[in-house]
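Take a walk through the model below. Start with a single side chain, then move on to the helices.

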Amino acid sequence: MAMDDTSVLSGSLPDERATLALGAAFAAAAQPGLTVHLLGDLGAGKTTFTRGLLAALGNAGKVKSPTYTLVESYPLPAFTVHHFDLYRFADPEEWNDAGFSEYFGADSLCLVEWPAQAAGLLPAADLTLELAVAGSGRTYHFQAQTQTGQSCLNRLSTPSAAHC
């Protein structure tokens, strides 16, 4: 797929509140069937972004990192969000052993932290979001990987969605 300059959206996040707001803005642009790979070091804000997304989609419960459970699922009114953390995978085959490919479909949004841990077996990303520590804040960098991801990025970059 040929992508142009609009396939990237980047910015800075001065604090945790801004990271939560980015997640909320993304919720307005997200759709079921979307796969998002979340990139960044430990503590970069991947779970904070997910908290903001889930709160904006109507989740009133706690959102915890799936570091030990590997996946946390949130059935919401619009669709189900599956949040994966593959950090502890020692071998990509663990992906198949866990049966996680069944979670991906037209009726769910899948967020995957540490996607390289299931290299070659994980469904391709529609979008990647890279978060990085920058001074006392963070930076973010969305990259569309598919037309579906590009459509989502276009919705996110509209003035009504990009209020973070």
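This is a predicted model. Begin with the contacts of E72. Leaving aside residues up to four places away in sequence, E72 touches K64, P66, V81, H82 and H83. The residue sits in strand β3, which spans residues 71–75. E72 has a relative accessible area of 15%. The cut-off for buried is under 20%, so E72 counts as buried. Its side chain also has a polar partner: the side chain of T69, at 2.9 Å.

Now turn to helix α4, residues 147–156. Its buried residues are G149, Q150, C152, L153 and L156. Around the helix axis they cover an arc of only 160°, so they lie on the same side of α4.

Helix α1 leads on to another packing pair. It packs with helix α2, residues 46–56, at an angle of about 50°. The two axes are 7 Å apart. With that angle, α1 is oblique to α2. The crossing of the two helices is right-handed. On the α1 side, the contact is made by E16, T19, L20, L22, G23, A24, F26 and A27. Helix α2 contributes T48, F49, R51, G52, L53 and A56.

Notes:
Residues are numbered from 1 along each chain as its sequence is written. This is a predicted model: local features need pLDDT of at least 70, side-chain atom pairs count only at pLDDT 80 or more; totals for chains, interfaces and linings use all residues. Side-chain values use heavy atoms; hydrogens and water are left out. Buried means under 20% relative accessible area, exposed over 50%, partly exposed in between (1.4 Å probe, protein chains only). Helices (H or I, at least four residues) and strands (E, at least two) are DSSP runs, numbered from the N terminus. The arc is that of the directions from the helix axis to the C-beta atoms. Axes are lines fitted to C-alpha atoms, for helices over the stretch in contact, and angles run from 0 to 180 degrees between N-to-C directions. Angles under 35 degrees count as roughly parallel, over 145 as roughly antiparallel, 65 to 115 as roughly perpendicular and the rest as oblique. A crossing is left-handed if the near helix is turned anticlockwise from the far one by less than a right angle, and right-handed if clockwise. Contact means heavy atoms within 4.5 Å. A polar contact is a pair of N or O atoms within 3.5 Å; within protein, one must be able to donate a hydrogen and the other to accept it, and residues adjacent in sequence count only if both atoms are side-chain atoms.
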